[in-house]
Protein chains: 2
Amino acid sequence: MDSLTEENYIKSIYALSLATGEVFVSELAKKLNIKQPSVNSMMKRLATKKVVAYAPYKGIRLTEKGKKEALSIIRRHRLAELFLVKVMELGWEEVHDIAEQLEHVDSKRFYSRMDEMLHFPKFDPHGEPIPDSNGKIYTQKRTSLSDLAEGLTATIAAVGEDEKSFLDHLNAKGLQIGDAVTLKKREPFDGSVTLQHKSKKEILLTHQVAERIWVEVTFTRS
Amino acid sequence: MDSLTEENYIKSIYALSLATGEVFVSELAKKLNIKQPSVNSMMKRLATKKVVAYAPYKGIRLTEKGKKEALSIIRRHRLAELFLVKVMELGWEEVHDIAEQLEHVDSKRFYSRMDEMLHFPKFDPHGEPIPDSNGKIYTQKRTSLSDLAEGLTATIAAVGEDEKSFLDHLNAKGLQIGDAVTLKKREPFDGSVTLQHKSKKEILLTHQVAERIWVEVTFTRS
DNA sequence: TTAAAAAGTTAGACTATTCTAACAAATTAA
DNA sequence: TTAATTTGTTAGAATAGTCTAACTTTTTAA
Ligand SMILES: [Mn+2]
Ligand SMILES: [Mn+2]
Ligand SMILES: [Mn+2]
Ligand SMILES: [Mn+2]
């Protein structure tokens, strides 16, 4: 129905619109590494297909149809990532690039079997929610490790990136989803944080890294 | 390196050339459901890329490079099919269409994990040999069930089609790879055969079906 | 409230694939 | 060995995606 190219546009529009609701041609062009005029013509095409609402010089919005398609692609992506980690035993840092390809596979059976084998999972290996087959997605407000108060203990719930280099960095630091960490100290100068980790080791993260880690507060200082 | 389209051409050229060695534009066009002039221009392109040797009005031949690529695509296809059957528990009749898509996934890790999980398998779910990672393929001369002498018992080794409709037909007849069958009778009029099957049932197959089933003779009449 | 800067558009061009129409070469049949 | 028939090629056009160059509109800053 949609081409692989169109699917990638739709997914990016969805990702960018999560915050603001509206997406600009320039943002989308930057995200997709494509020039603005190319994005402009694609928007005309997607508007014709009723996937986006688009008026010149105004922003881009996904229609209901567009949102549904975006969620379906995201579902396939995250299901694939989890399958690659749980069933095929690949590392969380190497699955994103493969899932970028698998998400375009057109086969209900392929995905429904994944879903069954994984027992209808709710989160992908990076802690991101997997939309259900009706497009419902679990959204919770999350706290960034860069905002956690000193002295609090929290559990790592998600990481906001699935780029290999970022995940390799977390692997090197020994951090995983589900780990409990206590924020020992935040440096006022550069925002870097020192964590107490279950491994007993102290871990130092820069602000750049800490702000991409989402946590759930588990214990409050008494 | 090669586009999905180019990969599909290469795979088809390989399949068609197995018998004769040379492939004609008309055959390839028919197989790919593409018009002759389109095939003609693609052959020029693949010739430039040194994947095929092609001279106007002569046939098409894959170069060594082209053969290597064909075997690599076939390897990915068959590994994917077996993975879908053994790991994901899909039926042998539903995996071909998915494998047509998975074979184009660009990821060594994805395929090497499949290979490991399946313990470096030699045959796909339809009995076709899986080329190894160096492109070596196991070719044995096979006997068609349509040529098996009356009274002989043989084991079903492979089926020469992976179209769903054909495999659905075999499912309906209760035939699987590995089953022992004894050829009870061949009708001279239409070439249809009656088999004695392990299920104790007698199975009647038309010539059209029997000629697509490959067997290994296990017992000879004394 | 002007003048830059940033964002968005149009026009025109290029590659990858594919098609139809028309013509040429090779093969087959009479 | 001519005349069909089949096969293969060229030429020209179309669609999906993308790009650069050249504007135009909006936004921001002075
Ligand atoms: Mn991902
Ligand atoms: Mn993810
Ligand atoms: Mn197949
Ligand atoms: Mn097969």
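Domain bounds, as used here, come from an automatic or database domain assignment. On this basis, chain A of the predicted model is divided into domain 1 (4-62), domain 2 (79-139) and domain 3 (142-219).

The C-alpha centres of domain 1 of chain A and domain 2 of chain A are 25 Å apart. Five residues from domain 1 of chain A and four residues from domain 2 of chain A take part in the contact. About 340 Å² is buried between domain 1 of chain A and domain 2 of chain A, and carbon and sulfur atoms give 39% of this area. Of the area that domain 1 of chain A buries against domain 2 of chain A, 73% is supplied by Leu4(A), Glu7(A) and Lys11(A), more than by any other three residues. Two salt bridges are counted between domain 1 of chain A and domain 2 of chain A. Lys11(A) also forms a salt bridge through its side chain with that of Glu100(A), at 3.0 Å from N to O. Four residue pairs are in polar contact between domain 1 of chain A and domain 2 of chain A. On the side of domain 1 of chain A that touches domain 2 of chain A, two residues are nonpolar, one is polar and two are charged.

Phe24(A) lies in the loop between helix 1 (4-20) and helix 2 (25-32) of chain A. The relative accessible area of Phe24(A) is 41%; because this value falls between the limits of 20% and 50%, the residue is classed as partly exposed. Beyond residues up to four places away in sequence, Phe24(A) touches Gly59(A) and Ile60(A). The C-alpha atoms of Phe24(A) and Leu84(A), which are 60 residues apart along the chain, are separated by 34 Å.

The interface between the two chains was considered next. Chain A and chain B each give 19 residues to the contact. Together they bury about 1,600 Å², with 66% of this area on carbon and sulfur atoms. Met88(A), Gln101(A) and Phe110(A) account for 33% of the area that chain A buries against chain B, more than any other three residues. Two salt bridges are found across the interface of chain A and chain B. Arg109(A) forms a salt bridge with Glu94(B), with the closest N and O atoms 2.9 Å apart. Six residue pairs are in polar contact between chain A and chain B. Helix 4 (64-86), helix 5 (95-102) and helix 6 (108-117) of chain A are the elements that give two or more residues to the side of chain A that touches chain B. The largest share of that side, five residues, comes from helix 6 of chain A. By class, the side of chain A that touches chain B has eleven nonpolar, three polar and five charged residues.

Notes. Residues are numbered from 1 along each chain as its sequence is written. Chains are lettered from A and ligands numbered from 1 in the order in which they are written. This is a predicted model: local features need pLDDT of at least 70, side-chain atom pairs count only at pLDDT 80 or more; totals for chains, interfaces and linings use all residues. Side-chain values use heavy atoms; hydrogens and water are left out. Contact means heavy atoms within 4.5 Å. Buried area is the accessible area (1.4 Å probe) that two parts lose on being put together, summed over both. A salt bridge is a side-chain nitrogen of Lys or Arg within 4 Å of a carboxyl oxygen of Asp or Glu. A polar contact is a pair of N or O atoms within 3.5 Å; within protein, one must be able to donate a hydrogen and the other to accept it, and residues adjacent in sequence count only if both atoms are side-chain atoms. Ala, Val, Leu, Ile, Met, Phe, Trp, Tyr, Cys and Pro count as nonpolar, Asp, Glu, Lys and Arg as charged, and the others, Gly among them, as polar. Helices (H or I, at least four residues) and strands (E, at least two) are DSSP runs, numbered from the N terminus. Buried means under 20% relative accessible area, exposed over 50%, partly exposed in between (1.4 Å probe, protein chains only).
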